[in-house]
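Here is a short briefing on one protein chain.

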Amino acid sequence: MVRVGTTRHTDPAALGPSLIDEIESVLRREGVLPAGTRAPVNLHLGRSMLLEFFPAGTAPVAVKAVSDDPDAANSLRREFDALSLQLPSYADLIPKPLTLTSTGAVTLFAMENISHRNLGIAELDRLPDARVDRLVAFLTDRDKPLPAGLENAPNILDQYMEARSSLPPALAQTMADLEASRDWRGKLAALKPVPQHSDLSMNNIGLCKNGVIVFDWEDYGNVVLPGFDFLTLVLSGLKFSAEAVEVYVKTHMESTDHPGAWCRTVADALNLNTGHAFDFAMITAIVFLDQKKKLGYGTKITGYLEQMLSDAATRFFR
């Protein structure tokens, strides 16, 4: 039985049921699925094909599958490697990686399928410490390992300058003026690189029985700006609204009387509640926007970020 979960009207037969059979056969051969049994499967279409297998008597398995072109296969390899790096320290924050293999037609990355539901930032703020403590630990950890190939971490200041130069000209000039008046280069030059998840938007976290879970690790280490993950989570949770960000920073990072204890803990650890929060929110948005452009995201998300930067330049720095 195949069920398709997608926002597009796609006939699963067009994807080739034989391909799904082949994937299932490979997973049985790898020991990920029990031998000799057929498992119901859900199929989701997006950045990659995601299959959810539900074998009787064993834990469900999630499989990302992409065509065997180098870029797509490397994306899955990066995610497998990133999760493998995090497993010793954050096994309760991430899906456990199971196998990475190729059928010749597709590359497969299998991981445990964790039942979860989506979270909004207001609900995240209300969670008790025990439900969010591993996320806080990850966000404040300054000793996370760099992925293979990035043993020499990117330079934080260079990464920011490249991102700022990719802005539309008028916005780039506005950011350059703020950069000079607020000494953003000095602030960034004083930081030591810390690998980030690099796409920790609100849609990449969920709530499961063990607490918060974090997904989609293929971009891990692309950004090394400390606090980047924390602030992308906050900015995306507030739908990139400059007005909402201003209120949230003042009530959650600069005030001791607010419901989001996790947020204050992270802000304290990252030194963001001493007048730095608005500066680093802007820097984060600039770098996040550049990452989205490089990954080919459409104008919807990039437009939100550009509008937030333009609005925030006036709202935060009157």
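Buried means under 20% relative accessible area, exposed over 50%, and partly exposed in between, with a 1.4 Å probe and protein chains only. By that cut-off, 50% of the 318 residues of the chain are buried. This is a predicted model: local features need pLDDT of at least 70, side-chain atom pairs count only at pLDDT 80 or more, and totals for chains, interfaces and linings use all residues. Residues are numbered from 1 along each chain as its sequence is written, and side-chain values use heavy atoms, without hydrogens and water.

**Overall form**
- The C-alpha trace spans about 65 × 40 × 40 Å along its principal axes.
- Among contacts (heavy atoms within 4.5 Å) with a separation of 6 or more, 68% link residues 24 or more positions apart.

**Secondary structure and sheet**
- The chain has 12 helices and nine strands. These are DSSP runs, numbered from the N terminus: helices are H or I with at least four residues, strands E with at least two.
- Three strands form an open antiparallel sheet in the order β7-β8-β9. Its edge strands, β7 (117-118) and β9 (211-214), each pair on one side only.
- Two strands pair if DSSP finds at least two bridges between them. Strand β8 (residues 205-208) has four bridges to β9. C208 has G211 in β9 as its bridge partner.
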